[in-house]
Amino acid sequence: MNDFSFSMPTQVVFGRGVTDRTGAELASRGLGRALVVYGQGSVVRTGTLDRVLASLDAAGIAHSEFGGARPNPSLAHAREGIEAARAFEADVILAVGGGSVIDTAKGIALGVPYDGDVWDLYTHAAEPVAGGKPTVACVLTIPAAGSEASASSVLTNDETLLKKGLSTELNRPVVSIMDPELTFTLPAYQTAAGITDMCAHILERFFSTSGPVPVTDELDCGLIRAIVDEAPRVLDDPTCYDARANLMWAGTLAHNDLAGCGRGVDGKRAGGWESHGMEHELSAHDPKIAHGAGLAVIMPAWMRYVWQSAPERFLTLGARVFDIEPVDVVEDCIDATPEEAIEDAVLATIDELQAFFCSLGMPRTLGELGVTADDIDALLETLEINKGAEFGQIQRLTMADARAIYESCL
Ligand code: NZQ
Ligand code: ZN
C-alpha cells in the first residue's frame with residue numbers, strides 16, 4: 001500500500017428535506033452574501049431554486065442569482081460569474097445543480113481573488129490564490145461528477161476547444177447539501193450518464209499500477225456492486241427514495257478520493273485517468289455529449305485495448321463485482337490453456353460492464369454520439385495538448401494508441 005494523505009473537509013448534509021436547511025448551514029459558518037449559481041433552468045422548473053432562496057432569506061443571507069451554466073460548462077460563463085461575484089462582494093458561491101454548475105462555481109471562487117485571467121489557473125500558468133477567496137457550497141441535484149466533494153473543477157475554453165480540469169484542495173466545497181428527493185426529476189438518460197460516471201471514477205482509480213490494496217479494492221468493488229444493484233431500481237421507479245439516496249452517496253464516495261487511498265503515487269490521485277482524458281475531448285468538441293455517455297463508450301474500449309497489461313486487476317473486478325472466475329482448465333477438463341481461460345474471464349468482465357451501461361440506455365459506439373472517423377484527428381490534437389505525447393498508467397498510451405482506441409468504438 002502506498003503512502004497517502006486523505007481528508008474530506010466537505011461537510012455532507014444528507015437526507016429528506018435538507019434543501020431547506022441551506023441558509024442555516026451557510027449562516028452557521030458566518031457567511032452572509034451568496035452568489036447563487038445554477039444551470040439551464042431545471043432548478044427553476046422543479047422549484048428547487050425557490051426553496052433554496054427562501055431558506056437564504058429565512059437565514060438573513062443576501063443573495064444574487066447567476067444562472068445559465070451549460071452542461072460541460074464554459075470558461076466564458078465562469079469569467080462572467082467572476083465579475084458578478086466581485087460586483088456583489090459574495091463571500092460564498094452557492095451552486096444549485098450538478099457537476100457543471102458546481103464546477104462553474106469553483107471556477108468563479110478561484111477567479112475572484114486572482115488578478116489575471118482564471119484560465120491561467122487551469123493551464124497551470126499561475127497558482128490559485130490561497131485564502132481570501134469566496135467559499136464554495138452546493139445543493140446537489142444529480143449524482144454523477146462527484147464535484148460536491150471533489151478537489152476538481154472542469155471548464156471548457158470554447159475558443160481553443162480545450163477542456164481542462166484543475167485539481168486543488170481549495171476546490172472542495174465547505175458544505176454540500178444532498179437531498180435525494182431533488183433527483184426524482186432527473187431524466188433517465190441523465191440518471192444513467194451519472195451512474196456511468198461514478199463507476200468510471202472508481203475504476204480509473206482501481207486500475208492503477210500500485211497493485212492490490214485489499215481495503216480499497218473491497219471498497220471499490222462493493223461500491224460498484226451497490227451501484228449495479230440500485231441502478232435498475234431508479235430506472236424502474238424514478239421516485240424510489242432509497243435507491244436514489246444510495247446512488248447519491250455512491251457518487252460522492254466514488255470521487256472524494258477515498259476510492260483510491262493507498263494506490264496513488266507521490267501524493268497524486270490514484271490511477272491513470274485514461275478514459276476521462278479521452279472522453280473529455282469528446283465533450284469539449286461537442287458539449288451536447290454528456291460526460292457519462294462518452295465514458296460508457298470509451299471506458300470499455302480502453303479496457304479491451306489495455307487489459308493484457310494488468311489481467312489480475314480485471315480478474316479481481318470480475319470476481320468481486322460480477323462473479324466471473326476463469327474456468328479451471330485442468331479440473332474441468334476444458335480444451336483450452338490457462339491463458340485462454342484468463343482472457344475469456346477478462347473479456348466477459350468487460351462485456352458485463354458494458355452491458356450494464358447499455359442496459360441503462362447508454363451508447364455503445366461513438367457513432368451514437370454523432371462522432372465519426374473524420375473527427376478523430378481533431379480529438380487527438382487537443383488530447384495531445386492536454387495529456388502530452390504519452391499518457392496513462394497500467395499501459396502508457398501514445399497518440400497512435402489513442403487513435404486505435406477511438407477507432408475501435410466507432
Ligand atoms: O442545466 P440544468 O437545466 O440544471 O439541467 C441539467 C443538465 O441538463 C440536468 N439536471 C441536473 N439536475 C437535474 C437535472 N434535470 C432534472 N432534474 C434534476 N434534478 O442534468 C443535465 C446534466 O447536468 P450536469 O451538471 O452537466 O451533470 P454532471 O453532474 O454529470 O456534470 C458534468 C460535468 O462535470 C464534469 C464533466 O466533465 C462535465 O463537464 N466533471 C467534473 C468533475 C469534478 N468536478 O470533480 C469530475 C468528472 O469526472 C467530470 O469530468
Ligand atoms: Zn467523470
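1. Zinc site. In this predicted model, the zinc ion (ligand 2) is held by four side chains: Asp197 through OD, and His201, His276 and His291 each through NE2, at 2.0 to 2.1 Å. Along the chain, the donors of this ion are spaced as D-x3-H-x74-H-x14-H.

2. Packing of α7 against α9. Two packed helices are described by the angle between their axes and the distance between the axes. For helix α7 (residues 188-206) and helix α9 (residues 241-255), the axes come within 9 Å and cross at roughly 35°. The crossing of α7 and α9 is left-handed. On the α7 side, the contact is made by Thr191, Ile195, Met198, His201, Ile202 and Arg205; on the α9 side, by Arg244, Leu247, Ala250, Gly251, Ala254 and His255. By type, the residues of this contact comprise 6 nonpolar, 4 polar and 2 charged. His201 therefore deserves attention on two counts, as a zinc donor through NE2 and as a member of the α7 contact with α9, given that a contact here requires heavy atoms within 4.5 Å.

3. In soluble globular proteins, nonpolar side chains tend to be buried together. Here the largest nonpolar core has 66 residues, and the members touching the most others are Phe207, Ile227, Met303, Leu366 and Tyr406. Helix α11 (residues 291-306) supplies the largest share of this core, 10 residues. Apart from this core lies another, of 33 residues, which includes Leu121, Cys138, Leu162 and Leu166.

4. Surroundings of Leu366. Which residues does Leu366 contact, leaving aside neighbours within four places in sequence? The partners are Leu282, Val297, Ile298, Val371, Tyr406, Cys409 and Leu410. One of them, Tyr406, is also among the core members that touch the most others.

5. Positive phi values. Most residues other than glycine have a negative phi, and most peptide bonds are trans. His124, which is not a glycine, has a positive phi of about 65°. The residue sits in the loop between α6 (119-122) and β5 (135-140), and His124 counts as exposed because its relative accessibility is 54%. Leu161 is a further non-glycine residue with a positive phi, near 60°. Its place is the loop between β6 (152-157) and β7 (162-167). With a relative accessible area of 30%, Leu161 is classed as partly exposed.

6. Gly392. This glycine is found in the loop between β9 (390-391) and β10 (397-398). Is Gly392 buried or exposed? Gly392 counts as buried because its relative accessibility is 13%, and buried means under 20%. Beyond residues up to four places away in sequence, Gly392 touches Gly272 and Glu274. From Asp158, Gly392 is separated by 234 residues in sequence and by 25 Å in space, C-alpha to C-alpha.

7. Glu181. The loop between β8 (175-178) and α7 contains Glu181. At 32% relative accessibility, this residue is partly exposed. Apart from neighbours within four places in sequence, Glu181 is in contact with Arg16, Gly17 and Tyr241. Glu181 and Arg51 are 130 residues apart along the chain, and their C-alpha atoms are separated by 13 Å.

Note on methods. Residues are numbered from 1 along each chain as its sequence is written. Chains are lettered from A and ligands numbered from 1 in the order in which they are written. This is a predicted model: local features need pLDDT of at least 70, side-chain atom pairs count only at pLDDT 80 or more; totals for chains, interfaces and linings use all residues. Side-chain values use heavy atoms; hydrogens and water are left out. A nonpolar core is a set of buried Ala, Val, Leu, Ile, Met, Phe, Trp, Tyr and Cys residues joined through side-chain atoms within 4.5 Å. Buried means under 20% relative accessible area, exposed over 50%, partly exposed in between (1.4 Å probe, protein chains only). Helices (H or I, at least four residues) and strands (E, at least two) are DSSP runs, numbered from the N terminus. Axes are lines fitted to C-alpha atoms, for helices over the stretch in contact, and angles run from 0 to 180 degrees between N-to-C directions. A crossing is left-handed if the near helix is turned anticlockwise from the far one by less than a right angle, and right-handed if clockwise. Ala, Val, Leu, Ile, Met, Phe, Trp, Tyr, Cys and Pro count as nonpolar, Asp, Glu, Lys and Arg as charged, and the others, Gly among them, as polar. Donors are N, O and S atoms within 2.8 Å of the metal (3.2 Å for Na, K and Ca); water is not among the atoms, so sites may look incomplete.
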